[in-house]
4 protein chains.
Amino acid sequence: MSTRRTEPGRRVRLLETVLDLIARDGVAGATYRAVAAAADVPLGSMTYHFPTRDDMLYAAFSHLADTQHARFDQIMAASPDGEDPRERVVDLIVTHGGGYGRDMVLSAELYALAVRDERYRALIQDWMGRSRVSLERHFAPELTPMIDALAEGLVLHSHISTEPFDVDRVRAAVYRLIGPSGDATTP
Amino acid sequence: MSTRRTEPGRRVRLLETVLDLIARDGVAGATYRAVAAAADVPLGSMTYHFPTRDDMLYAAFSHLADTQHARFDQIMAASPDGEDPRERVVDLIVTHGGGYGRDMVLSAELYALAVRDERYRALIQDWMGRSRVSLERHFAPELTPMIDALAEGLVLHSHISTEPFDVDRVRAAVYRLIGPSGDATTP
Amino acid sequence: MSTRRTEPGRRVRLLETVLDLIARDGVAGATYRAVAAAADVPLGSMTYHFPTRDDMLYAAFSHLADTQHARFDQIMAASPDGEDPRERVVDLIVTHGGGYGRDMVLSAELYALAVRDERYRALIQDWMGRSRVSLERHFAPELTPMIDALAEGLVLHSHISTEPFDVDRVRAAVYRLIGPSGDATTP
Amino acid sequence: MSTRRTEPGRRVRLLETVLDLIARDGVAGATYRAVAAAADVPLGSMTYHFPTRDDMLYAAFSHLADTQHARFDQIMAASPDGEDPRERVVDLIVTHGGGYGRDMVLSAELYALAVRDERYRALIQDWMGRSRVSLERHFAPELTPMIDALAEGLVLHSHISTEPFDVDRVRAAVYRLIGPSGDATTP
DNA sequence: GATGAATGAGACTTCATTCAT
DNA sequence: AATGAATGAAGTCTCATTCAT
């Protein structure tokens with residue numbers, strides 16, 4: 001009905017709508033219909049941009065990975081002179097975990113897809129690889145998977161638990177796991 | 001028509017079928033129809049046992065929590081005389097992670113539900129509480145959430161990653177996180 | 001909305017509606033929606049009776065084969081005392097051809113399916129087999145396929161052509177093809 | 001973008017692609033999109049050449065009629081000196097029937113259209129008329145519709161049946177139907 | 001002359017749920 | 001206590017066709 005015949009950024013706008021819907025209603029809620037309605041776009045426009053529903057979901061999560069990694073990298077890079085780099089990790093956990101539920105929900109949904117679908121697994125692997133490169137600015141390569149895992153687990157649990165984070169306890173755990181200088185590997 | 005007119009264990013058998021289907025096809029795949037077909041049970045029998053689909057899912061995950069916790073507790077309890085109890089944690093991570101994909105898939109799906117639905121969140125909290133009680137047999141209460149988180153994160157990542165666990169590195173991380181005696185709390 | 005909750009003969013009624021629609025709009029026109037609307041039945045009822053659209057089509061054509069063969073057999077059997085049995089064939093061609101366009105349309109659609117789909121081919125083979133049994137009441141088995149073929153071709157062409165049948169010419173051809181007594185096989 | 005900016009024979013190439021698709025998937029399968037993909041042509045090109053889908057189908061079947069009639073005429077003309085012309089008919093039936101499934105499928109689909117649509121009926125009538133002209137080189141005009149019909153029916157049935165043609169039986173039938181000299185009309 | 005973007009209609013199908021028995 | 005019949009809502013996807021460029 002409306003006169004708008006072409007909208008150059010529509011694809012990206014749709015992807016962000018998809019992520020919003022997944023955050024609110026889960027992957028199951030991100031139907032063609034729901035997205036089209038939320039973005040005020042004709043239903044036919046959905047299948048034009050994403051021939052398959054899975055194409056849509058995959059594109060959305062790819063978009064998420066790009067967006068999120070940029071933020072992650074920024075946090076890791078923002079280390080003031082003379083700061084213990086382990087503070088960056090604490091910051092990441094507490095900020096990310098305490099902050100946006102949206103990210104957590106999206107991650108949880110992505111993992112649920114990944115454990116059963118190779119394509120999404122590959123997407124996460126790539127994302128994790130990029131995260132580790134960011135971590136390796138400060139820490140020894142052997143440690144980065146462990147740091148990653150602890151952060152993931154804590155953020156996940158913090159979203160489940162009702163108690164807020166105890167920052168001091170998180171800090172203590174991070175410091176102990178990494179050790180005084182990031183290159184120690186023996187207990 | 002069939003010979004089996006009443007089947008006392010049907011409810012539990014259905015719950016296990018539900019979990020099998022979730023493991024294979026995700027929560028979305030555990031429809032009344034799919035479960036009925038997989039368990040060779042009339043469709044009407046499903047709504048008889050579980051008036052609502054969500055009742056069915058919730059009952060299935062409750063059943064999972066019970067089953068899984070029993071196993072978890074058993075592993076933590078099986079500490080040979082004189083063994084460093086941190087070995088129990090290492091064992092848990094490596095066995096669980098390397099082993100059954102089924103458990104991981106089910107956990108991932110449960111988390112995806114939990115981050116958006118209070119009822120499932122409560123279910124996990126209860127489960128996590130029981131896990132911590134098991135851990136507190138060996139470790140200080142302040143440490144158990146961290147141990148739990150590291151384990152969760154590592155198992156999750158191991159399922160995503162293609163590389164197998166490096167047991168030594170896992171052991172080193174666990175030992176460092178917990179410290180020489182399980183009651184240390186300062187870095 | 002209406003109170004009618006069960007209708008025992010619904011399945012057959014639907015099959016006849018399907019055939020009516022195919023006759024009017026071709027196989028392509030026999031959609032779930034169209035049939036449901038024509039039979040005044042909820043859409044969900046269609047997939048309840050015929051899980052797949054092809055199930056619906058196949059069932060409809062099976063029903064057609066049964067119905068049609070009964071009529072064919074009746075015509076072949078209705079040979080008055082002392083009548084040349086070849087008159088039965090002439091009658092068949094002229095009646096069938098001149099009569100109901102419905103049957104012809106249905107046959108044409110069925111053939112179009114059969115040339116590409118084994119299942120429909122099998123259905124026709126069975127139907128043809130039964131027709132030949134009916135023909136063998138009067139004629140030698142070697143002749144029946146030829147009689148069948150001539151009849152089929154003539155009926156088909158008569159529906160395409162605008163000119164009406166020339167009964168005498170048809171009779172002459174049938175008599176010549178079969179010969180004075182139905183057991184002759186040499187030219 | 002591509003090097004081929006104008007392609008003179010595209011229209012004909014598209015028509016042949018259409019026929020290929022109909023042969024494989026039926027008329028229903030010959031969609032704009034499927035044809036465009038199979039011919040590696042942009043979708044917009046389809047509606048440019050054939051404003052309506054039915055234009056496309058009609059053009060394709062017209063093309064088929066031309067092609068096929070040329071072949072038919074060639075077979076009928078190829079009568080060696082002194083050969084009984086009825087052998088041409090036998091040859092036609094056996095070659096055509098035993099040979100290309102493609103032609104049969106296309107004919108069947110065309111008939112299915114023709115029984116419901118006048119335009120396609122006219123197309124077949126014209127084609128049949130040209131066939132009869134070819135047959136009249138050898139046979140009396142009153143016989144040609146019968147010959148045509150027998151051939152059509154036999155070829156059709158041979159494609160449905162699993163048994164191969166029995167050439168001798170076909171020959172006997174053809175000879176009997178036509179009679180010793182092609183101008184006999186009385187039984 | 002030719003084509004990419006876009007869209008509205010409708011197709012098949014799945015499904016949770018209700019209800020009479 | 002248990003189940004077969006039935007249905008309404010919604011989901012994914014395909015497609016002919018239009019139009020601006």
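**Entry 1: the surface near DNA strand E**

I started with helices (DSSP runs of H or I, at least four residues, numbered from the N terminus). In this predicted model, at least two residues of the surface near DNA strand E come from each of α3 (43–49) of chain A, α2 (32–39) and α3 (43–49) of chain B, α2 (32–39) and α3 (43–49) of chain C, and α3 (43–49) of chain D. I found that α3(A) gives the most, four residues.

Taking near as one heavy atom of a residue within 4 Å, I noted 31 residues around DNA strand E, the closest being R10(A), R53(B), R33(C), R53(C) and Y48(D).

A polar backbone atom of R53(B) is 2.8 Å from a phosphate oxygen of DNA strand E, and for R53(C) a backbone N or O atom lies 2.5 Å from a phosphate oxygen.

**Entry 2: chain D against chain C**

Next, how many residues does each chain bring to the contact? With contact meaning heavy atoms within 4.5 Å, chain D brings 42 residues and chain C brings 43. The two chains bury about 3,700 Å² between them, 71% of it on carbon and sulfur atoms; this is accessible area (1.4 Å probe) lost on putting the two parts together, summed over both. H157(D), I160(D) and R176(D) supply 21% of what chain D buries here, more than any other three residues.

I also looked up salt bridges (a side-chain nitrogen of Lys or Arg within 4 Å of a carboxyl oxygen of Asp or Glu). There are two between these chains; R116(C) and E109(D) meet in a salt bridge at 2.3 Å, N to O.

On the side of chain D that touches chain C, α1 (10–25), α6 (101–114), α7 (118–135), α8 (144–160) and α9 (167–178) each supply at least two residues. The largest share, 11 residues, is from α8(D). That side divides into 23 nonpolar, eight polar and 11 charged residues.

**Bookkeeping**

Residues count from 1 along each chain as its sequence is written, chains are lettered from A and ligands numbered from 1 in written order, and side-chain values use heavy atoms, without hydrogens and water. Local features need pLDDT of at least 70 and side-chain atom pairs count only at pLDDT 80 or more, while totals for chains, interfaces and linings use all residues.

Key
Nonpolar A, V, L, I, M, F, W, Y, C, P; charged D, E, K, R; others polar. Polar contact = N/O pair within 3.5 Å; in protein donor to acceptor, adjacent residues only side chain to side chain.
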